[in-house]
Amino acid sequence: MAGHSEKVDSATLWGGGGSPFRLSYGKQWMWFFLVSDALTFGGLLCTYGYFRHQYGDWPIGEEVFNAMPFLGNGFPLLYVALMTFILIVSSVTMVLAVEAGHRLDKKGVIKWLTLTVIGGAFFVGSQAWEWYHFIHGSHYGVILTPELMNDGWATIRDVAGGGFSLDYGHGQMITDPALVSQYMAEPLGAIQGANMIENEYAPMIPQFGNLFFFITGFHGFHVLSGVVINLIILINVKKGVYDERGHFEMVEKVGLYWHFVDLVWVFVFTFFYLV
Amino acid sequence: MLRDDLDLDKEYALSANHDEEHGKALRKKIWKVTAILTAITIVEVITGGSIKQYYEGVPNSSWWIIKWAFIFLTLVKAGYIVLSFMHLGDERKNFRYMILGPYILFILYLIFHLFTEATYWGEIIHQ
């Protein structure tokens, strides 16, 4: 890791056009790029905060995202927690790859970097599944009813033993079969799933879907690029490019980008899913 | 292809190399940070899954404590990632301040600006 740069003598520092930050050109500019990228994500998340604060009422993460692959609904936050954990672990394997690089341990770098690529690919796949589920929506979608609760939008849910109930969110349900079938017979409107124009999670707030697609999509694109870049560096390591150089700083530089992707997800996780 | 940047800055990259003993200490630190990040995430998910924002339509009046606790824990996690995993904490002090200072200042300004504006428009919409 860094922190050893104190060893560089002053002639190298200033006489050779070195940097006062005692960092190499590449690493310094990777940081500058990350600051500009962080401003983009900061701007997007602040826009999310803007709309959320303006509307006051906002869908609750654990009510929207409660599905698990193969198991169905009823698992609030569990899948996204798994995704978060996978990304954190892939960040850890990246640090271990960088550490192995500093010991010029080529085998170690290959091992940890391969695991990082696998973790990243797993995360991108999970996000694709999450999007699929978000776009398709709940089993029956929502209908607009004359009921005044929650703007009158209710999700149709199966009842164990047959029949339906109307879920108005925030723990409010209509289970009376007569009332349910009366509302379901002639709904005033219906939405299923989500797109850029409307979404069933917040029928009155189209921005909820837009922000979800844009922010998680932009982040997912970063993860995808990260996986590709890590793969390129992994191939270089295998070819022995960095053995020739005598240092594995390239692994450290792509590592910075990879940790940044993890850092952004920590914030997306909090503001989209937890609060 | 001539790569003058590889020669010019080689000293910095080479000086980052370390021996097995130093690596051992670093790995120990990495696993410690991993344990902290995992523990925070588990606590967040358990809290988020068990404490509701609404109970049968009635807002949970103490939700704001949970909300700010989540935001605080997020900042703690972000701090560990930036300072430890990205080892910005090990870089020179002036570089650290140059990266973090302007960014934090600008984001605080943006948050203030957008939330003031959102409060204003929210009042108009809800009138």
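Chain B is assigned two domains, domain 1 (24-90) and domain 2 (92-127); domain bounds come from an automatic or database domain assignment. Between the C-alpha centres of domain 1 of chain B and domain 2 of chain B the distance is 22 Å. The model is predicted, so local features need pLDDT of at least 70 and side-chain atom pairs count only at pLDDT 80 or more, while totals for chains, interfaces and linings use all residues. Residues are numbered from 1 along each chain as its sequence is written, and chains are lettered from A and ligands numbered from 1 in the order in which they are written.

Chain A is divided into domain 1 (23-137 + 202-274) and domain 2 (142-191). The centres of these domains of chain A, taken over C-alpha atoms, are separated by 37 Å.

Strands are next; helices (H or I, at least four residues) and strands (E, at least two) are DSSP runs, numbered from the N terminus. Two strands pair if DSSP finds at least two bridges between them. In chain A, strand β3 (residues 142-144) and strand β4 (residues 153-158) pair in the antiparallel sense over three bridges, and I143(A) has A154(A) in β4(A) as its bridge partner. β4(A) also runs antiparallel to strand β5 (residues 164-169) of chain A, with four bridges joining them. Here L166(A) in β5(A) is the bridge partner of I156(A). β4(A) and β5(A) form a hairpin with five residues between them, and G161(A) in the turn has a positive phi of about 95°.

The contact between the chains takes 61 residues from chain A and 62 residues from chain B, where two residues are in contact if their C-beta atoms, placed from the backbone, lie within 7 Å. On the side of chain A that touches chain B, the elements giving two or more residues are α2, α4 (78-102) and α9 (249-274) of chain A. The most comes from α2(A), with 13 residues.

What does α2(A) meet in chain B? The axes of helix α2 (residues 25-55) of chain A and helix α5 (residues 93-125) of chain B come within 8 Å and cross at roughly 20°. Such axes are lines fitted to C-alpha atoms, for helices over the stretch in contact, with angles running from 0 to 180 degrees between N-to-C directions. α2(A) and α5(B) are therefore roughly parallel to each other, a term for angles under 35 degrees.

Terms used:
Angles under 35 degrees count as roughly parallel, over 145 as roughly antiparallel, 65 to 115 as roughly perpendicular and the rest as oblique.
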